[in-house]
Amino acid sequence: MKKMTVHPYLLGFGYLFLLVLLILNGASVCRGMGAAVMVCLNTMIPSLYAMMIFSELFLSCGLDRIFARALQYPAKFLFGCSGQVLVIFLLSQVAGYPIGAKLLGTLVKDGQLTRRQASFLSGVCFGGGPAFLAGLFLENTADLYLVFLAGFLSNLILFLCMSRFLRADAFPSEKGSCRPKGAALLVEAACTSGRALLRICAVVILFGGILSLYEEIFSFLPEQDMRVIGGFAEISRITLLFPYASSKLPLLGAMLSFGGLCVLMQIAAIAGAHLHMGYVFLLRGLAAALTAGWIALYQHLFPAQETAAAVVIFEAPPEIQVGFPLPAFLLLVMTVMLLRSSQRI
């Protein structure tokens with residue numbers, strides 16, 4: 001007798017269950033995805049596209065090798081890595097969450113790093129960037145500097161511990177490349193970055209629908225707990241925790257250091273074929289714990305009065321009227337299909 005395979009039935013049941021949830025909560029899902037679309041249009045694309053094009057040009061023009069030569073001896077002496085890896089680490093701390101993984105994925109594709117090396121390094125070449133943090137802590141620059149420095153120090157400690165173990169300093173001799181030049185170089189960088197940004201926005205929209213379902217299903221939970229879970233899932237939800245008491249700053253720092261499941265999926269969408277995402281997830285958890293610890297230690301040594309900070313970067317999107325949930329279901333399915341096919345692009 002032929003043994004039955006359970007997996008297809010479980011998958012079918014999962015799709016059926018998802019369809020029922022979408023039918024029952026179609027309006028909420030569409031509002032969530034509509035809000036995510038507005039986040040992509042108003043925040044993600046304007047803040048990331050230029051930096052992603054810059055990073056693509058940074059590698060294509062060989063500027064990383066120019067800076068790497070200047071940092072080669074400090075990198076080798078202090079971290080046991082190449083100057084190029086140190087350049088990517090420093091750039092990732094100020095350029096935003098996905099940039100470090102994108103640069104490391106390119107080095108794997110070019111044969112300059114192994115997949116294992118790039119996976120570990122992607123776990124520390126990771127940061128929200130000062131621009132995003134400045135928008136959050138505009139009314140309290142002291143907290144801005146504290147969160148940024150705590151996150152940077154956590155990444156630096158992990159990078160220092162791993163770099164010598166990884167021996168990410170053995171690069172093959174450079175071969176002649178056929179990269180475009182002039183205007184073609186700029187156009188290619190814009191198109192490559194645009195494709196990567198499309199994958200990022202697809203994940204953001206997907207999480208918009210998922211978190212809307214989560215809020216409907218678990219509406220019985222305390223509102224503050226739901227906001228904390230939502231912040232760890234999608235980092236833009238951290239704005240719902242503002243204004244905050246200073247005692248909550250370690251938690252906020254941990255969220256910003258972790259980056260959220262949505263950001264980790266964005267990394268998988270950009271460079272998942274070149275990375276082991278389990279390593280990235282583990283290291284971001286360690287970095288979040290370290291960041292919270294550094295902030296708590298600072299507050300213990302230098303106690304301050306309780307203050308409340310305002311957030312200014314988030315605006316609630318307009319309501320979306322929905323009559324039928326099928327478009328939301330199709331959009332969610334197409335988003336999943338896009339993510340599953342992204343590794344083959």
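This report walks through a helix contact, some aromatic rings and the cysteines of one predicted model.

Residues are numbered from 1 along each chain as its sequence is written. Because the model is predicted, local features need pLDDT of at least 70 and side-chain atom pairs count only at pLDDT 80 or more, while totals for chains, interfaces and linings use all residues; side-chain values use heavy atoms, with hydrogens and water left out.

**Two helices side by side**

Let's start with helix H6 (residues 115–122) and helix H8 (residues 141–166), which pack at an angle of about 175° with their axes 10 Å apart. Helices here are DSSP runs of H or I, at least four residues, numbered from the N terminus. The axes are lines fitted to C-alpha atoms over the stretch in contact, with angles running from 0 to 180 degrees between N-to-C directions. H6 and H8 are therefore roughly antiparallel (angles over 145 degrees). On the H6 side, the contact (heavy atoms within 4.5 Å) uses Arg 116, Gln 117, Phe 120 and Leu 121. H8 brings Phe 159, Met 162, Phe 165 and Leu 166. By class, that makes six nonpolar, one polar and one charged residues (Ala, Val, Leu, Ile, Met, Phe, Trp, Tyr, Cys and Pro count as nonpolar, Asp, Glu, Lys and Arg as charged, and the others, Gly among them, as polar).

**Rings**

There are 12 aromatic pairs in the structure, meaning rings of Phe, Tyr and Trp (its six-membered ring) with centres within 6.5 Å. One of them joins Phe 89 and Phe 152, at 6.2 Å centre to centre and 40° between the planes. That pair is tilted (stacked is under 30 degrees, edge-to-face over 60, tilted the rest). Phe 89 sits in helix H4 (residues 83–95) and Phe 152 in H8, 63 residues apart. Ring pairs also link Phe 79, Phe 89, Phe 152 and Phe 159 into a cluster.

Phe 77 lies in helix H3 (residues 63–79).

**How accessible are they?**

Buried means under 20% relative accessible area, exposed over 50% and partly exposed in between (1.4 Å probe, protein chains only).

| Residue | Relative accessible area | Class |
|---|---|---|
| Phe 89 | 1% | buried |
| Phe 152 | 25% | partly exposed |
| Phe 77 | 64% | exposed |
| Cys 125 | 1% | buried |
| Cys 201 | 10% | buried |

**Cysteines**

How many disulfides are there? Zero, across the whole structure, with a disulfide being a pair of cysteine sulfur atoms within 2.5 Å. For Cys 125, the nearest cysteine sulfur is that of Cys 81, 9.1 Å away. For Cys 201, the nearest is that of Cys 40, 3.5 Å away.

Note on methods:
Angles under 35 degrees count as roughly parallel, over 145 as roughly antiparallel, 65 to 115 as roughly perpendicular and the rest as oblique.
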